[in-house]
Amino acid sequence: MNNKIPAWLLASFFLAFLSFAYAQQPAKVPRLGVLLYSTPEADPNVAAFRQSMRDLGYIEGQNLSIEYRFASGKPERLMELAVELAKLNPDVIFALGGDVVPAAQKATKTIPIVMWGSNDPVQAGIVASLAHPGGNTTGITLILDELAGKRLELLKEIAPGISRVAVLWNPDHADPEFREMQGAAKAMKVRLQSLEVRQGEDFDGQFHAATKAKSQALIVVSSRLINFQRQRALDYAAKNRIPLVGDWGPWASGGALMSYGPNTDEMARRVAAHVDKILKGVKPSDIPVERPAKFELVLNLNAAKQIGLTIPPNVLARADRVIR
């Protein structure tokens, strides 16, 4: 009697065992590195980004691992944190802030980087062009030069008597908004006062200069530095009973008279889509940098009342959201 097992049957058993063993191996979990100027809790865009990733099917701790590195408002730490993050070799690095991206780029030339910035990435040397970024970086930019004059125009519609406006901005943050606002101010016969801040220690001195010059309103040009110090700007405007005009993010909901800029929840969805594409194998150099297509006017009636302003009906009618 021949008890020898046929070769084909042995081969079948072997293939079945390999298939079983392969099926038991855990699937590779994508790793995302996140580099922040402030903290995950303080940055207003982190929650929207995480929700957008969940909407795409990524569940943290299950099919996505996230490593955070954050500077807690100390920009001098960004380079060290970026290097630390790059050494972990994540599949993608998400750099949140135009002043954060350069640190990530210096830390790695190979790991894909998805940026979220409000500055001009071409002017800042981050990408070669919006359509063809090249290198290992893509993402979104909120460059809003064409909206800078519009904010000043809206402010004048609400408060026609205003003629002296302070502009809080970071000159190290490459964007053309202050320059564009100067042209609009000249046409409207408004004198702009430049409040330049490069670090947290600069704010008190610049606010004092604005008070001394009797500025009648404050317009902010957002950057991660200014967003991190948002409450100081809101407190200054409230204390001096002057209107504060913001661009994107929670300025109006925080107490500013108004904000006019892109819908940041929509931009969070777009930047999450970039991360998703890269995790699925698309090269960052093949993904164009996106700009916002939709802008929202948010008005705060409580803030207007507290400083004795009445928002005209024609401006109210154009608002996308009114805080009462």
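Let's start with the largest pocket in this predicted model, which has a volume of about 290 Å³. Rolling a probe the size of a water molecule over the atoms shows where empty space is left. Have a look at what surrounds this one: 13 residues line the largest pocket, and Tyr37, Pro75, Leu78, Asp99 and Asp172 are those that lie nearest its centre.

Which elements give two or more residues to that lining? They are α3, running over 78-87, and α4, running over 101-107. Of these, α4 supplies the largest share of the lining, with 3 residues. Sort the lining of the largest pocket by class and you get 7 nonpolar residues, 4 charged ones and 2 polar ones.

Two packed helices are described by the angle between their axes and the distance between the axes. As for handedness, α7 passes α9 in a right-handed crossing.

So which residues meet where α7 and α9 come together? On the α7 side you'll find Phe203, Asp204, Phe207, Ala210 and Thr211. They meet Arg232, Ala233, Tyr236 and Asn240 of α9. Split by class, this contact of α7 with α9 has 5 nonpolar residues, along with 2 polar and 2 charged ones.

Technical notes
Residues numbered from 1 in each chain as written. Predicted model: local features only at pLDDT ≥ 70, side-chain atom pairs only at ≥ 80, totals over all residues. Heavy atoms only, no water. Left-handed = near helix turned anticlockwise from the far one by under 90°. Helix = DSSP H or I, 4+ residues; strand = E, 2+ residues; numbered from the N terminus. Contact = heavy atoms within 4.5 Å. Nonpolar A, V, L, I, M, F, W, Y, C, P; charged D, E, K, R; others polar. 1 Å grid on protein atoms, 1.4 Å probe; cavity = no way out; pocket = protein on both sides within 12 Å on 5 of 7 lines; lining within 4 Å. Points joined across faces, edges and corners; volume = space filled by probe spheres on them.
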